[in-house]
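Let's take a walk through this model, one piece at a time. Keep the sequence and the 3D view open as you read.

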Amino acid sequence: MNYDNVVKFILKNSSKCLSPKEAVSLIFESKASPDMKLSFIGHCISAKTLSPTGFDENTVLATAFTEPKGGSSLKTLETVVDEFGRVSGTKYFVTNGAFATHFLVLAQKKTEEHVLLLVRRNRNVVTEELPLLVYEKSGISKVVFKNAESKQMFREGKESYVKALEGLVYGRILVSALAVSLGLEVLDYAIDWASKRLVNGVPLIEREIIEQRIADAYAKLSVAKSYITKIASENMLTWINTSVAKYISVDHSCRAIESLIKVFGGYAFLKTTDIIRKYLHILALEPAEGTSDIQLKIIMKSILRERSKK
């Protein structure tokens, strides 16, 4: 598969990765495909994490944290690095894995301490694209590291672990923006379609039930977008804020599109509308950077932690 356009999009906008406000604005405002935006997000997670070390904006980065058995948890790792800096292990669902020039890898040393490594693509890095229904051009892959040379980017232990967690936090707000942007695209299309479609000489949008469904979708998406924009603009990327953003963005976007599907009726299932495909794109974001159940768990833990301080 040709990824040239995706790579060009990443490199053109790489500088925006370091600013939550700019990155979120790009995701909301750009007319790029969902695949391009997800690839941009995958690159940004690593770029933001590596920013204290100074990263080359001409590289295309992939974040390799998720493991076959560990899911979104960073505590259980089977990927290891030896005393010579050679890393071995398997990572799954690596966005940009098929074409990245460098991989940010979370591994552990023999001491079982976490360590963040940067691995340049080479013959000891084997990638296999995953047969996904959506985001096919985001290069999401299984990546196997076979004694691949690496460079340690942060001190092992707490520093590397915290930096990895910060990467997930940043990823959540960007994934949240992508989910809502897809919902807004369907909303705009629904308003335009219902305005032009006539039923007994009257625009469909003037029917009360259609008004209610469009208004319901608008309200849900507006709330999610406002929340995401606020915490990105004011740099409020805390553990609880980004979990709330991720939870409501996927939930509200899915509910909004489900409401809008009823506006289109059977027309929603025509390939030419692309509505169901966008719905699948949002559903596929649910497990990204932690499922909704995980987000709720994080939110509850944060609530209890705050209450214990009173």
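**A strand with partners on two sides**

Start with a bridge: Ala107 has Val115 in S5 as its bridge partner. Before going on, a word on what you are looking at. This is a predicted model, where local features need pLDDT of at least 70, side-chain atom pairs count only at pLDDT 80 or more, and totals for chains, interfaces and linings use all residues. Residues are numbered from 1 along each chain as its sequence is written, and side-chain values use heavy atoms, with hydrogens and water left out.

S4 (residues 102-108) and S5 (residues 114-120) run antiparallel, joined by seven bridges. Strands here are DSSP runs of E with at least two residues, helices are runs of H or I with at least four, and both are numbered from the N terminus. Two strands pair if DSSP finds at least two bridges between them. The S4-S5 hairpin has five residues between the strands, and Glu112 there takes a positive phi near 70°.

S4 also runs parallel to S1 (residues 61-64), with four bridges joining them. Look for Thr63, which sits opposite Leu104 in S4.

Now move to helix H6 (residues 239-264), where you'll find Ser259. Ser259 counts as buried because its relative accessibility is 10%. Beyond its neighbours within four places in sequence, Ser259 is in contact (heavy atoms within 4.5 Å) with Arg213 and Asp216.

How values were computed: Buried < 20%, exposed > 50% of the residue type's maximum accessible area, 1.4 Å probe, protein only.
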